[in-house]
Amino acid sequence: MFALAAGDDPAARCRKDAPMSFTVTKPRTRRVQRSELAVPATSTHFFERAASGAADFIFLDLEDAVAPPRKPEARELAIEALNRIDWGSKTLAVRINGLDTEWAHRDVIEIVSRAPRLDLVMVPKVGTPFDVRFVDALLTGLEREFPRARPLGIEILIETTLGLANVEDIVQASERLEAVIFGIGDYSIDLRTCGEIIGASDPRYAVLTDAGEGGARHLHWNDQWHFALARIANACRAHGLRAIDGPYANFGDAAGFRASAARAAALGFEGKWAIHPSQLETANEVFSPTAREIAWAREITARIQSASVGGDGAFGQDGVLIDLAVLKRAQAIIDRQEAILAVAGREGARDVA
C-alpha cells in the first residue's frame, strides 16, 4: 500500500521512470515494435508492399535469406530501397551478415554511409558483449564521418547457446542496443533439438501423468522454449530493452502463430517477428492492449485519482486490493495504447498526404 497527500496525482507519479534501487538504467529509444516483418533484400517485388503494409518494423535481410553469391548485390538493393521507397514512419533495419563472415564489415560501412533513412542495424548470432561493442564502435566512427539526425540503434539476435549463456552481459554492452530477438531457428540447431518447423512445439517435450481412476494416463505437453524466452525477457526488462519473439515458420497455421505470440506476450515480450504479411495483423493485435484492458486501466486510474483527493492510497474493489502497484499496471496500459495511436496517426497522415 501507499500513502498520498491530499491533491497528489498518483498517475503522474507512475509516469516517472523512478529507479527501484540506487542502480539507474539509462532509458533506451522507445519504439512500437509489435510486428517485425522480414523482407529478403533480393526480393525487390516485396518492398512496396511491405512499406504500405501493417508492420510496425521492417528489416531488409542480407543474411539467411540471401545466397552467398548474391550478398554484394543484396547490399546494393537494400541501399537503393532504403533511399528510394517511402517507408512512412515505419522503423527500418537491415540484418547484416554474421560478424565472422567476409561481408559483415562492408555491410555496415556501405549501408550506414549511404542510407540515411536507416534506423537500426540488426546483428545476427551475437555470442558475447564484444560483438555488440564492435558494431557500436564501427557505427560511432561512421557517424562522425557521415553525421546523422539521430544516432543509429542496434538490435540483436540471440540464436546460439553461447549468446543465451551471456545474454545478461550482452544487454549491457552498448547504449545503442534497443532490442533483443530470440532466434529460435539457429538456437534450436545449436542446441541440437531442431524440428521440422521453426517455432513449433515438440511433442517429445512432455510428461506422462500417473494413472488416474480407471488406469488412464495423459500426456502433458510442455514448452521447450520457456527457459530461453523467460531469460531473454528478464534480461531485457532489467536493462530497458525490448524483447521480441522470433519467427513461426508455418505461416499457414494462423492459430499456431497466434498461440506462439500470446505465449511471448504473457512472458513480457513486446512483439514478434513475422515472416509473411499474413502474420502482421495478428501480431499487432496480440501485442496491443485489448479494449477491455484499456477500459479497466482508465477506470482504475480515475478511481485512484478520486481516492487520492481524500488522501486514501488503497481501497478494495470487488474483493481485490487496488493500490499503487495496480495503478502502475494501469498506467503502463494507457501509455502503451497512446504510443500505438501515435504511430497509427503518423501512418494515417502519410496516407492522406
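**Reading strands, a helix and a pocket**

Modeller: This is a predicted model. In strand S5, Gly153, Glu155 and Leu157 point one way and Ile154, Ile156 and Ile158 the other way, and all are buried.

Colleague: Why is S5 largely enclosed by the rest of the structure?

Modeller: Six of the six residues of S5 (residues 153–158) are buried, so the strand is largely enclosed.

Colleague: In which sense do S4 and S5 pair, and over how many bridges?

Modeller: S4 (residues 120–123) pairs with S5 in the parallel sense over four bridges. Opposite Ile156 in S5 stands Val123.

Colleague: How should I read a helix with buried and exposed residues?

Modeller: An α-helix has 3.6 residues a turn, so residues three or four places apart point the same way. Now the case here. Helix H9 (residues 226–238) has buried residues: Ala228, Leu229, Ile232, Ala233, Ala235 and Cys236. They cover an arc of only 165° around the axis, which puts them on the same side of H9. Phe227 and Asn234, on the other side of H9, are exposed.

Colleague: What comes just after H9?

Modeller: Gly240, which takes a positive phi of about 80°.

Colleague: How much space lies in the second largest pocket, and which residues are closest to its centre?

Modeller: The second largest pocket holds about 290 Å³ of space. It is lined by 17 residues, and Asp64, Arg95, Pro247, Trp273 and Ile275 are the closest to its centre. Strand S1 (35–40) and helix H8 (184–190) are the elements that give two or more residues to that lining. By type, the lining has 10 nonpolar, two polar and five charged residues.

Definitions and conventions. Residues are numbered from 1 along each chain as its sequence is written. This is a predicted model: local features need pLDDT of at least 70, side-chain atom pairs count only at pLDDT 80 or more; totals for chains, interfaces and linings use all residues. Side-chain values use heavy atoms; hydrogens and water are left out. On a 1 Å grid over the protein atoms alone, a cavity is a set of points where a 1.4 Å probe fits but cannot get out, and a pocket is an open set with protein on both sides within 12 Å along at least five of seven lines; lining residues have an atom within 4 Å of a point. Grid points are joined across faces, edges and corners, and a volume is the space filled by probe spheres set on the points. Ala, Val, Leu, Ile, Met, Phe, Trp, Tyr, Cys and Pro count as nonpolar, Asp, Glu, Lys and Arg as charged, and the others, Gly among them, as polar. Buried means under 20% relative accessible area, exposed over 50%, partly exposed in between (1.4 Å probe, protein chains only). The arc is that of the directions from the helix axis to the C-beta atoms. Two strands pair if DSSP finds at least two bridges between them.
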